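Hi everyone, thanks for making time for this. I'd like to walk you through one structure today, slowly and from the ground up. Please have a look at it on the screen.

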Amino acid sequence: MARYVLVESRDPFESRDVSYFYGLAADLAAKGEQVTLFLVQNGALVSRKGAQGNPLDHLVKGKVEVLVDSFSLRERGIQDSERHPSAKPSDIGNLVDQIMEEGAKVLWH
Amino acid sequence: MAKTLTISIMEPPYESATSTTAMRIIDAALRKGINVNVFAYEGAVSLTVKDQKPHPNPVHGTSVEEEKHPNTKDLVASLFELAKEKGVKLEWINCGLCVDERGAGNWIDGPRRGGPPDFHKWVQESDATLVIPTK
């Protein structure tokens with residue numbers, strides 16, 4: 001089982017290829033790989049509960065760990081009550097820990 | 001023995017939040033006692049230009065001092081200070097060809113000139129590599 005850290009920095013409504021990145025995370029997890037999707041910058045916008053067609057539930061059900069950078073949430077005024085429950089708050093230090101894990105393969109979008 | 005992280009960046013200053021996130025990652029890694037290599041190419045070579053100057057904000061009516069808006073060269077300088085304070089290494093290479101085509105050769109103390117073979121060597125010697133692309 002390989003370890004993947006996928007960092008999504010873009011707003012899903014900004015570009016269609018963001019959905020392909022979510023798809024990559026889901027497909028890797030479906031193949032039994034260990035996958036973390038780390039949302040940062042405008043990538044954090046998908047963690048708003050009310051966003052239409054939100055893919056986060058599907059990703060979490062598919063065993064993708066979804067983390068969202070707390071700094072990015074604060075910058076964008078996304079309160080805890082507005083945040084989708086499938087996106088767990090995290091911080092950049094945790095991202096560094098994940099990147100440094102032995103064998104981790106890191107992709108940034 | 002301290003681990004080493006190599007990061008490649010290409011975003012120019014003031015264009016997007018990616019430069020800020022890269023600085024945050026470098027800062028976090030140094031604070032964790034991780035040695036960091038930064039390979040700056042394309043627009044990222046302009047992050048360290050010595051001649052950057054802060055500015056006031058006439059819309060807000062603030063002076064330079066009141067605005068307190070650091071230039072990216074100051075952020076990079078502070079990362080070098082942090083590395084020294086934590087007793088870890090921060091190596092910063094500006095890609096020479098990218099520097100030349102942008103005329104961005106007058107940089108602060110700390111970075112040095114290099115090229116893709118340096119990045120390749122770092123990748124082979126590091127515990128982890130992170131490539132942060134631009135759009």
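Let me begin with a term we'll need: a salt bridge here is a side-chain nitrogen of Lys or Arg within 4 Å of a carboxyl oxygen of Asp or Glu. The general idea is that side chains of opposite charge can pair when their charged atoms come close. And please keep in mind that what you see is a predicted model.

Asp69(A) and Arg24(B) form a salt bridge, with 2.9 Å from N to O. Where do these two residues sit? Asp69(A) belongs to strand 3 of chain A, residues 64-69, while Arg24(B) belongs to helix 1 of chain B, residues 17-31, so this pair joins two chains.

In general, the size of an interface is often given as the accessible area lost when the parts come together. For chain A and chain B, the buried area is about 1,600 Å², and carbon and sulfur atoms give 69% of it. The contact involves 15 residues of chain A and 19 residues of chain B. Four residue pairs are in polar contact across this interface, both residues being at pLDDT 80 or more. Which elements of chain A give two or more residues to the side that touches chain B? They are helix 4 (92-100) and strand 5 (104-108) of chain A. Helix 4 of chain A gives the most, with seven residues. Sorted by class, the side of chain A that touches chain B has nine nonpolar, two polar and four charged residues.

Next, the sheet in chain A. Here five strands make an open sheet in the order 4-3-2-1-5, paired in parallel. Strand 4 (88-90) and strand 5 of chain A are at the edges with a single partner strand each, so one side of each has no neighbour in the sheet. On average, neighbouring strands in this sheet are turned by 25° against each other, direction ignored. Strand 3 and strand 4 of chain A pair in parallel over three bridges, and Leu67(A) has Lys88(A) in strand 4 of chain A as its bridge partner. Helix 1 of chain A, residues 17-30, packs on the sheet and touches strand 1 (3-8), strand 2 (34-39), strand 3 and strand 5 of chain A. The direction of this helix makes about 165° with that of strand 1 of chain A.

Finally, chain B. Its five strands form an open sheet with parallel pairing, in the order 4-3-2-1-5. Which strands are at the edges? Strand 4 (112-114) and strand 5 (128-132) of chain B are, each pairing on one side only. Three bridges join strand 3 of chain B, residues 90-95, to strand 4 of chain B, where Arg113(B) stands opposite Asn94(B).

Terms used. Residues numbered from 1 in each chain as written. Chains lettered and ligands numbered in written order. Predicted model: local features only at pLDDT ≥ 70, side-chain atom pairs only at ≥ 80, totals over all residues. Heavy atoms only, no water. Contact = heavy atoms within 4.5 Å. Buried area = accessible area lost by both parts, 1.4 Å probe. Polar contact = N/O pair within 3.5 Å; in protein donor to acceptor, adjacent residues only side chain to side chain. Helix = DSSP H or I, 4+ residues; strand = E, 2+ residues; numbered from the N terminus. Nonpolar A, V, L, I, M, F, W, Y, C, P; charged D, E, K, R; others polar. Pairing = 2+ DSSP bridges. Axes fitted to C-alpha atoms, helices over the stretch in contact; angles between N-to-C directions.
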